[in-house]
Amino acid sequence: MERASRGPSLGRALDALRGVVAPQDALLLAMALTLLRHEADAEGAGGEDYPTRARAAWGALMSGVWWRDPYELERIMRDGLGVWESRHGPLSNLPSLADVHAHQLRPLIDWLTATSNPAALFEECLRHTQTIGKGGHYYTPPDIAHLLIGLLEPRAGEAVYDPVCGSGGFLLRAHEYVTSADGDADVRLYGQDVSRTALQTAAMNLSVHGTEARLEGPSSTLTDDRFPDRTFDVVVANPPFNMSGWDDRDDRHFDPRWVYGPPPAGNANFAWAQHVVSKLSRTGTGRGAILLPTGAAAGTKPGERDIRARLLEDDVLSCVVELPAGLIPHVRNPVSLWLFTRSKKTHGNWGRNDRSGQILLIDAREIAVTVGRGRRAVPDEVRERIVATFAAWRGTAEASYEDVPAWCRSVSVDEIAAHKYDVLPSHHVGVAAAESQTVNGEEQVAVLTDELYALFETSHALEAQLRDLLGHL
């Protein structure tokens with residue numbers, strides 16, 4: 001995808017609004033203006049000669065007719081996005097623009113016109129969420145989204161669901177995967193989130209990429225499931241880790257989703273895992289994926305271990321991939337990727353191999369590359385290797401599966417049970433060679449250095465915001 005890095009910088013454009021618009025609100029404004037440009041471009045592509053609402057609004061914005069009246073700017077935006085809001089709901093979290101003047105908004109308008117691809121502009125906005133602290137909690141990096149969707153292999157005609165959809169990244173990647181693989185974008189997308197801002201971001205993100213989803217909320221999926229009677233072909237989730245105080249319902253222990261045991265009140269990890277499993281289609285092709293902290297794979301607390309044991313004994317857990325730290329913004333924990341399926345028997349699209357009673361463990365701790373300060377990513381070749389290993393294990397690839405020391409191993413549920421239901425791959429597949437450990441040590445120093453620089457940047461940003469606040473007192 002084209003990046004929006006040519007021309008004016010988004011960071012500098014947002015800095016021009018500092019003091020009159022909070023950083024998170026300035027970013028929402030950038031997203032909304034990107035959406036307005038997309039709507040204007042889409043209407044223009046239809047060949048109409050008359051100025052539609054979005055095109056008229058974008059033209060007015062570009063002409064600068066509002067410069068002497070900031071209130072006119074807000075009216076222009078609302079009018080231009082009126083048709084979109086009638087389909088998706090109002091963008092209620094947009095900031096007031098009453099104090100925004102022309103010279104403060106001009107850099108953002110210049111940035112919006114620097115590339116021909118509004119989708120690239122929106123991706124740049126999402127990447128920028130990493131620089132404003134916890135305001136970026138709903139952003140899943142594209143490399144992680146590509147990995148999970150590549151493992152789940154959604155197909156045309158299927159329903160894909162994300163119970164904690166955030167900015168809609170998984171749903172968007174599923175749409176792109178189906179379009180690329182089948183040449184048919186007939187995939188139904190569903191999502192829910194507790195954050196109104198996240199839901200609005202997801203709706204805008206999907207729109208500028210040419211697709212839509214049924215989005216519900218804002219409400220917590222764990223306590224207010226908006227799809228209570230539905231199951232899905234594909235379920236994918238990146239929930240908040242180790243969430244405490246997640247359910248204060250008096251009857252929470254009787255939730256029908258907790259078939260493997262009531263999740264601990266102080267940690268929602270296995271509530272999310274059981275929710276994913278509960279939403280899998282019972283036709284035999286239902287499959288799901290969830291990101292969890294590595295502690296969930298080997299923890300010894302009785303409640304969590306018992307749920308993990310029952311998931312294994314019911315044979316719905318098919319694979320665990322151990323990943324390094326630093327892959328997800330603002331999450332310092334190493335992560336593990338869990339894959340679920342309703343059936344591992346040879347039928348339908350599962351594959352030629354009957355993997356009943358087995359689980360595939362992949363140790364991918366050493367695979368990340370540093371791509372920025374405090375940020376690591378899964379390279380394409382490693383993502384492809386993980387996907388290929390899982391496909392070979394299932395029997396859907398031409399290559400046959402073989403255990404590879406220090407990389408992957410197919411383990412029986414009986415063996416896992418003998419190890420107290422510990423499914424952390426590094427505890428089963430062997431240790432890496434000494435030279436790999438040396439390289440990892442060097443990379444760890446680099447990662448820690450990058451994280452320190454990222455903390456310095458965050459400190460400077462917070463200092464600037466505090467000075468702005470003090471200056472208005």
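Student: What makes two rings an aromatic pair here?
Tutor: Rings of Phe, Tyr and Trp pair if their centres lie within 6.5 Å. Keep in mind that this is a predicted model.

Student: OK. Which residues form one aromatic cluster?
Tutor: Tyr 161, Tyr 190, Phe 227 and Phe 232 do.

Student: And how many aromatic pairs does the structure hold?
Tutor: Nine. One of them joins Phe 270 and Trp 338, with 5.9 Å centre to centre and 75° between the planes, which is edge-to-face.

Student: Where in the chain do Phe 270 and Trp 338 sit?
Tutor: In distant parts of it, 68 residues apart. Phe 270 belongs to helix α11 (residues 269-278), and Trp 338 to strand β7 (residues 335-341).

Student: Is Phe 270 buried or exposed?
Tutor: Phe 270 counts as buried, at 1% relative accessibility.

Student: What about Phe 390 and Trp 393?
Tutor: Those two form a stacked pair, 6.1 Å centre to centre, with 20° between the planes. Both lie in helix α14 (residues 380-394); they are three residues apart, so about one helical turn separates them. Phe 390 has a relative accessible area of 5%, which makes it buried, and Trp 393 is buried at 0%.

Student: What lies over the face of Trp 407?
Tutor: Arg 385 does, at 3.8 Å from the ring centre.

Student: Switching to the nonpolar core. Which residues touch the most other members of the largest one?
Tutor: Leu 148, Leu 323, Leu 337 and Ile 386, out of 47 residues in that core. Helix α8 (residues 142-152) gives the most to this core, with seven residues.

Student: What does Leu 148 touch?
Tutor: Leaving out residues up to four places away in sequence, Leu 148 touches Phe 170, Val 236, Ala 237, Ala 289, Leu 291 and Leu 337.

Student: Which residues are in the second core?
Tutor: This separate core has 45 residues, including Ala 13, Trp 66, Ile 109 and Tyr 139.

Student: Last topic: Glu 39. Where does Glu 39 lie?
Tutor: In helix α2 (residues 23-45).

Student: Buried or exposed, that Glu 39?
Tutor: Glu 39 is buried, because its relative accessible area of 9% is under the 20% cut-off.

Student: What does Glu 39 touch?
Tutor: Apart from residues up to four places away in sequence, Glu 39 touches Ala 54, Trp 84 and Arg 87. The side chains of Glu 39 and His 38 are also joined, by a polar contact of 3.2 Å.

Terms used:
Residues are numbered from 1 along each chain as its sequence is written. This is a predicted model: local features need pLDDT of at least 70, side-chain atom pairs count only at pLDDT 80 or more; totals for chains, interfaces and linings use all residues. Side-chain values use heavy atoms; hydrogens and water are left out. Rings of Phe, Tyr and Trp (its six-membered ring) pair if their centres lie within 6.5 Å; planes under 30 degrees apart count as stacked, over 60 as edge-to-face and the rest as tilted. Helices (H or I, at least four residues) and strands (E, at least two) are DSSP runs, numbered from the N terminus. Buried means under 20% relative accessible area, exposed over 50%, partly exposed in between (1.4 Å probe, protein chains only). A charge sits over a ring if NZ of Lys or CZ of Arg is within 6 Å of the ring centre and within 35 degrees of the ring normal. A nonpolar core is a set of buried Ala, Val, Leu, Ile, Met, Phe, Trp, Tyr and Cys residues joined through side-chain atoms within 4.5 Å. Contact means heavy atoms within 4.5 Å. A polar contact is a pair of N or O atoms within 3.5 Å; within protein, one must be able to donate a hydrogen and the other to accept it, and residues adjacent in sequence count only if both atoms are side-chain atoms.
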